[in-house]
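Visitor: I would like to learn how to read a few features of a protein model. Could we go through them one at a time?

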Amino acid sequence: MLIALVFTFPPASFLQAFIVTLLSISNVGISFGATELFKNITFTIAEGERWGIIGRNGAGKTSIFKVITGDLSPTVGNVARKPGLRHALLDQHRAFEGATTVWEAGAAAWREVMVLEQRIAEQAMQLGELGEQVTQDFLERFGHDQERFADLGGYIYHSRVDAVLQGLGFDAEESKTRLVSSLSGGERGRVGLAAQLIAPADLLLLDEPTNHLDLDTTTWLQEWLKDADETVIVVSHDRAFMDAICTNILHIEARTSESYKGNYSQFVPQRAERRLTREREMEKQRAYVKKEEEYIRRNMAGVNSFQAKGKRKRLERLPRLAPPPGDPAAMSLNFETAERGGDQVIAIDELRVEVPGRVLVDDFTAVLRRNDFVALVGPNGAGKSSFISTLLGDRAAASGQARMGGSITPAWFRQDLSDLPLRMSMFDAIQVQRGTWNRGQVQNHLGAFGFTGEEVFREIGTLSGGERARMALALMTLLRANLLVLDEPTNHLDVENIEVLEDALDEYEGTVLLVSHDRAFLREVATRVWSFEGTGLTDFDGPCIEWEEDRAQRAATAAR
């Protein structure tokens, strides 16, 4: 006898009941006195989702994090959290109180477990010493401590700490003795991120997590977040990172927000479609209002006055559609060249670059050609900035040489923005470069980079990181250089301004040497790649996406 089995799947509404909501933000607004930062921020985070928050610098992305953690109370609106919700937020101060070693700093959130672990070890020694004299109270206390140690995750935290530190570029064993005081700024950032990933939390709040990561550690972080099935809210300008991890996007624009399903690449066409739909709806309403107003005008005094008055009342009650929201325009950027320059921009012959006690680059020979857009890539600390300094003649080569070609004018965007005149106003800094410009011309130039009105008289030292980056670009365009050296130009720029920079480079007729960890930016811009491998530099004559594929194939072959 045959028995037919029929499987009935539960409806979507039934499955929705099993989705655990961790956080719900409803119509939240923040005002500081008469100044409104944002309003009507609404989104809901479910367990396992990974949200990317994007928007212009100063839009309030970090303030949203503070609302989530409870460090900032909303002026209006509601925040609902799952009872007992645990969050992990990167410690911006990176003081690592109480931690001596890198391993202890990474395991900071497990301090209670480490204290308990030490106590259990001491109790075990006492147990051996007491022998038959051990008391029942002692055994009960020992058993209770072991039980609590297991409940708190004591048997898994060691491997978690080791795995995360290793993934972020630290040797797990060495980190147990390496002092926190020996860390560089970038290394402290990575240890802070490690501590955040290692902490037992339901919700990870990541604020620009890739800023201190190279390409390999960024890839590791992506895989970690996906494999660990973490619930994440990330503020980032790294579009490739958001493409790899995000399931949802929250876009902050014009002091409010809209949410989208999918990653960054999926968000872009959705946003464009929404704007187009709104523009069509608004045009349709305008046409309707114009038609009704014309009828009212023609019939208010005639035989159809009753209908005309009714239409007028309905029009008065009609909610008028607003145009699609828009932030102030991104900067306007254009790199011009004063002269063409030679075909050989920099000739490099058996170049060796050293710092005290260490060789960074050994025996590198290549020619940087006119119209090359070269990406210089490698792990943090490989020596990319020192290599650039040597090429531009700011530091001496240990051996070999780098010769600048004829009629080549370089302009250097420094990673630390250290060449900005911090005690000078923006207006004066531009006028030093363009002494014949009048006030209107200086203000127009600064206006193209988002600085308007009396703001142009602010001292450069008072600017934020993003504002300094835009100011550095404003000065750089005045040089009309035919060689642009860009060392991490996107670090402080928001996504919209990164895309403006990409468009400007696409139109640029000179040569570019570029250092960046922003993979989307490199894929868009670079036509050639110089990659650090130990003290060697490999010259790959092809776009960045092809270099990534070649590198992955070589890694797979080596693994086999």
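Visitor: Which residues of helix 2 are buried?

Guide: Buried means under 20% relative accessible area. In this predicted model, the buried residues of helix 2 are Lys61, Ser63, Ile64, Phe65, Val67, Ile68 and Thr69. Helix 2 spans residues 61–69 and is mostly covered, with 7 of its 9 residues buried.

Visitor: What follows helix 2?

Guide: Gly70 comes after helix 2, and its phi is positive, near 90°.

Visitor: Is Ala375 buried or exposed?

Guide: The same cut-off of under 20% applies. Ala375 has a relative accessible area of 0%, so this residue is buried. Ala375 belongs to strand 12, residues 373–377.

Visitor: What does Ala375 touch, leaving out residues up to four places away in sequence?

Guide: Ala375 touches Leu514, Leu522, Ala526, Arg528, Val529 and Trp530. Separation in sequence and separation in space can be read side by side for Ala375 and Glu533: they are 158 residues apart in sequence and 14 Å apart in space, C-alpha to C-alpha.

Visitor: Where is Asn491 found?

Guide: Asn491 is in the loop between strand 15 (483–487) and helix 16 (495–507). Asn491 counts as buried because its relative accessibility is 17%. Beyond its neighbours within four places in sequence, Asn491 is in contact with Asn211, His237 and Gln415.

Visitor: Let us turn to charge. Which residues gather in the patch of negative charge on the surface?

Guide: The negative patch on the surface gathers Asp503, Asp506, Glu507, Glu509 and Glu524. Helix 16 gives the largest share of this patch, 3 residues. Asp506 lies in helix 16, and at 62% relative accessibility Asp506 counts as exposed, because exposed means over 50%.

Visitor: And which residues form the patch of positive charge?

Guide: Lys309, Arg312, Lys313, Arg314 and Arg317 gather there, on the surface. Arg312 lies in helix 11, residues 305–317. With 39% relative accessibility, Arg312 counts as partly exposed.

Visitor: How many salt bridges does the structure hold?

Guide: A pair counts when a side-chain nitrogen of Lys or Arg is within 4 Å of a carboxyl oxygen of Asp or Glu. The structure holds 35 salt bridges. In one of them, the side chains of Lys311 and Glu292 meet at 3.0 Å, N to O. This pair links distant parts of the chain, with Lys311 in helix 11 and Glu292 in helix 10 (residues 264–299), 19 residues apart. Both Lys311 and Glu292 are buried.

Visitor: What about Arg458 and Glu455?

Guide: Their side chains also meet in a salt bridge, at 3.7 Å, N to O. Arg458 counts as partly exposed at 27% relative accessibility, and Glu455 is partly exposed with a relative accessible area of 23%.

Visitor: Which residues do salt bridges that share partners join into one network?

Guide: The network is made of Arg369, Asp372, Arg528, Asp539 and Asp541. Within it, the side chains of Arg369 and Asp372 meet in a salt bridge of 3.7 Å, N to O. Arg369 is partly exposed, with a relative accessible area of 34%, whereas Asp372 is buried at 8%.

How values were computed:
Residues numbered from 1 in each chain as written. Predicted model: local features only at pLDDT ≥ 70, side-chain atom pairs only at ≥ 80, totals over all residues. Heavy atoms only, no water. Helix = DSSP H or I, 4+ residues; strand = E, 2+ residues; numbered from the N terminus. Buried < 20%, exposed > 50% of the residue type's maximum accessible area, 1.4 Å probe, protein only. Contact = heavy atoms within 4.5 Å. Patch = residues over 30% accessible without salt bridge, like charges linked within 9 Å, V, L, I, M, F, W, Y side chains within 5 Å. Areas by Shrake-Rupley, 256 points an atom, 1.4 Å probe, with all protein chains shown as cover. Lys, Arg positive; Asp, Glu negative; His and termini not counted. Charge placed at Lys NZ, Arg CZ, Asp CG, Glu CD.
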